[in-house]
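Please have the sequence and the 3D view open as you read.

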Amino acid sequence: MFDRFDRKIDYLRISVTDRCNFRCQYCMPENSIFMPKDKLMDYTEIALLADRFIHHGIKKIRLTGGEPLVRRDIALLIKQLGKYVENGKLEELTLTTNGSLLDQHSDMLYASGVRRINISLDTLDAGKFAAITKRGDLKLVLNGIKAAKNAGLQVKINMVALKGQNEDDIIAMAQFCSLHGFDLSLIETMPLGNDIAERADNFIALKDFIKPLQSQYNIQPIDYKSSGPAHYFWVKELKLRLGLITPLSRNFCDDCNRLRLTTDGKLFMCLGSDLHIDFKQAIEIGGIEKVDMLLQKALILKPKRHYFEDQMTDNNLSVTRNMNVTGG
Ligand code: SAM
Ligand code: SF4
């Protein structure tokens, strides 16, 4: 599949729930109201859409949320999607998780064909972790990370850069990832949802965030490319692959290969836009033919780029969805 800017689209992110056991301060407000359960797609609907998207050229699927592992019986969906990995129609099935439930799910993930996962962890300091996630328990997450490693999953740690909060933690995080053989990806905080206070105050460009690391270690750009938007560096002394995801300070929309399906069946063609197509309704009224037709429409409507830079400073411009709706 190609969009009208000739970008190849082969990556689908599916948010399987907007609910979460954490309330990370940059992601959603503490008093979040979630989608009513009767509006959500069931696993049959999600699997049907995944099947059509794969038929048209999707090669990678990432499950996200909210916290994907809090959705009841999520193993049923993961096993079902894993069959596409087994029969070679899908190159990769993966997920992004806060890690808190990996203790229970890591073996199931590996058995279902998942080989790599992203785990979000912004700090190794228990106090800061509790303050950032509001409800998170660092010990549970570290247990989950250990379980994932023991199950044979390749782990990438996602760390959101937060000015004045985890700036001091970059070296400890890099050393932790190096010790365990994990990749580390740093993410600039994005202006999603217009009800999150102190957004602009928390922003720090990654070129500044990595300064403490640069002053201690030799960091060189490398050619490595993943299916996501990170550009990569090698931290020589730590033998660490470091990814920088810089939606604000260095735009990467020219290479965007992604579509994003929410748990209520809306397909967003760009994280930074409210433009969407309702695929749940399409299944209900038109079946597979309607789904196929709307997918072509989605390719035409995919925006050229996001405008996070303007949205960061002007709340009126920012997209209304919080990050837990679309996931990352
Ligand atoms: N709950 C899972 C987790 O935390 O990994 C999956 C969903 S979470 C929304 C996906 C990723 O988005 C996480 O790595 C999280 O840190 C990141 N994220 C959430 N809100 C963000 C924001 N406003 N800017 C940048 N990244 C954000
Ligand atoms: Fe939950 Fe992930 Fe959002 Fe944190 S970033 S509140 S863990 S969905």
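Which oxygen atom lies 3.4 Å from an N or O atom in the side chain of Asn 158? An oxygen atom of ligand 1 does, a polar contact in the sense of N or O atoms within 3.5 Å of each other. Before going further, note that this is a predicted model, where local features need pLDDT of at least 70, side-chain atom pairs count only at pLDDT 80 or more, and totals for chains, interfaces and linings use all residues. Residues are numbered from 1 along each chain as its sequence is written, chains are lettered from A and ligands numbered from 1 in the order in which they are written, and side-chain values use heavy atoms, with hydrogens and water left out.

Backbone atoms also reach ligand 1. A nitrogen atom of the ligand is 2.8 Å from a polar backbone atom of Met 190, and a backbone N or O atom of Tyr 26 lies 3.0 Å from a nitrogen atom of ligand 1. Of the 540 Å² of accessible area that ligand 1 has on its own, the protein covers 96% (Shrake-Rupley method, 1.4 Å probe). Strands E3 (92–97), E5 (154–161) and E6 (183–188) each give two or more residues to this shell, strands being DSSP runs of at least two residues and helices runs of at least four. In total, 19 residues surround the ligand, each with a heavy atom within 4 Å of it.

Now to the charged pairs. The model has 11 salt bridges, each a side-chain nitrogen of Lys or Arg within 4 Å of a carboxyl oxygen of Asp or Glu. In one of them, Asp 292 meets Arg 52 at 2.9 Å, N to O. This pair links distant parts of the chain, with Asp 292 in helix H10 (residues 279–301) and Arg 52 in helix H1 (residues 43–56), 240 residues apart. Asp 292 is buried at 18% relative accessibility, and Arg 52 is buried at 13% (buried is under 20%, exposed over 50%, partly exposed in between; 1.4 Å probe, protein chains only).

Glu 284 and Lys 280 are about one helical turn apart because four residues separate them in the helix. Glu 284 is exposed at 51%, whereas Lys 280 is buried at 12%. Shared partners join Glu 45, Lys 280 and Glu 284 into one salt-bridge network.

Methods. Polar contact = N/O pair within 3.5 Å; in protein donor to acceptor, adjacent residues only side chain to side chain.
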